[in-house]
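Q: I have a model open and want to learn how to read it. Where should I start?

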Amino acid sequence: MALKNLWEQERSQRLQITAERRQKVNQWKQLTQQEFQLQADVLHQELSSFVTSLDNNRKLQQQQFQQEIVERQLEILQIKTDVSQRQQEYRQQRSAKAQALFQNLQNFREILHNSVWGDYSPEQPVSPTPAKEEKSVVTVPKWSISRSAIKANGFRPSANTMTKKVPALNADTVKSKVQQYIQQAEGATLIEIEEVIGLSRVQTIDILRSLIKQGLLEQRDRQYFIRQQAISGQT
């Protein structure tokens, strides 16, 4: 009996110890679950805050990016406007330069036309042309004609006053004959001198220009006359 009671007493103690251990294990499980739940809540909260922060940053960056796009578009528009203005200014400047060039060309043509067709004036700013020696010039017979005879013949020489080309006459000889003809005709135009002497237009202009510079001729109303001072000097 004593052994049986001892065994039952030990058994009761072991059951009590087991119950206590089970109770401790259950308490430990509960504490562990609570701790896990708390950590899970904290982690969830941190993750939610992180996601919210990322979303806010993304929206802010998107707004900044859109603002930069708008600024770039404004800059591009400003550049296009500046380029358009510069192109317009360049076109205006080019048009003004073209008009000035055409005007200068027109003035040059008028001066050239006046010089060629007998409307040349010494006061006009025409660049001097260097005198050239002519290897082939013309000779003219002695004139016994007057201004009225030239007008009556329509500014053309008669058959006995036609010029002939002969070699070996220099520019001074031609100038002398031009001066002699103008003096005998009491004034002559460029066309008359050209036709009677038989020179080209350029040669005639060069000779008349040279005589005017030397003070031997003067021009009045598209006609060339011997200066009175030159006549006085010759006499």
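A: Start with the surface. This is a predicted model. The accessible surface of the protein comes to about 18,400 Å². Carbon and sulfur atoms hold 53% of that area.

Q: How many residues are in the protein, and what share of them count as buried?

A: Buried means under 20% relative accessible area. The protein has 235 residues, and 20% of them count as buried.

Q: Which elements make up the protein, and in what order do they run?

A: The protein has six helices and five strands. Read from the N terminus, the order is α-β-α-β-α-β-α-α-β-β-α.

Q: Where is there a nonpolar patch on the surface?

A: Look at Leu47, Phe50, Val51 and Leu54. Together they expose about 390 Å² of accessible area. Leu47 sits in helix H1, residues 2–116. An α-helix has 3.6 residues a turn, so residues three or four places apart point the same way.

Q: Is helix H4 mostly covered or mostly open?

A: Mostly covered. Six of the eight residues of H4 (residues 190–197) are buried. They are Leu190, Glu192, Ile193, Glu194, Val196 and Ile197. Just after H4 comes Gly198, with a positive phi of about 85 degrees.

Q: What share of contacts join residues at least 24 apart?

A: Take contacts between residues at least 6 apart in sequence. Of these, 69% join residues at least 24 apart.

Terms used:
Residues numbered from 1 in each chain as written. Predicted model: local features only at pLDDT ≥ 70, side-chain atom pairs only at ≥ 80, totals over all residues. Heavy atoms only, no water. Helix = DSSP H or I, 4+ residues; strand = E, 2+ residues; numbered from the N terminus. Buried < 20%, exposed > 50% of the residue type's maximum accessible area, 1.4 Å probe, protein only. Contact = heavy atoms within 4.5 Å. Areas by Shrake-Rupley, 256 points an atom, 1.4 Å probe, with all protein chains shown as cover. Patch = residues over 30% accessible without salt bridge, like charges linked within 9 Å, V, L, I, M, F, W, Y side chains within 5 Å. Salt bridge = Lys/Arg side-chain N within 4 Å of Asp/Glu carboxyl O.
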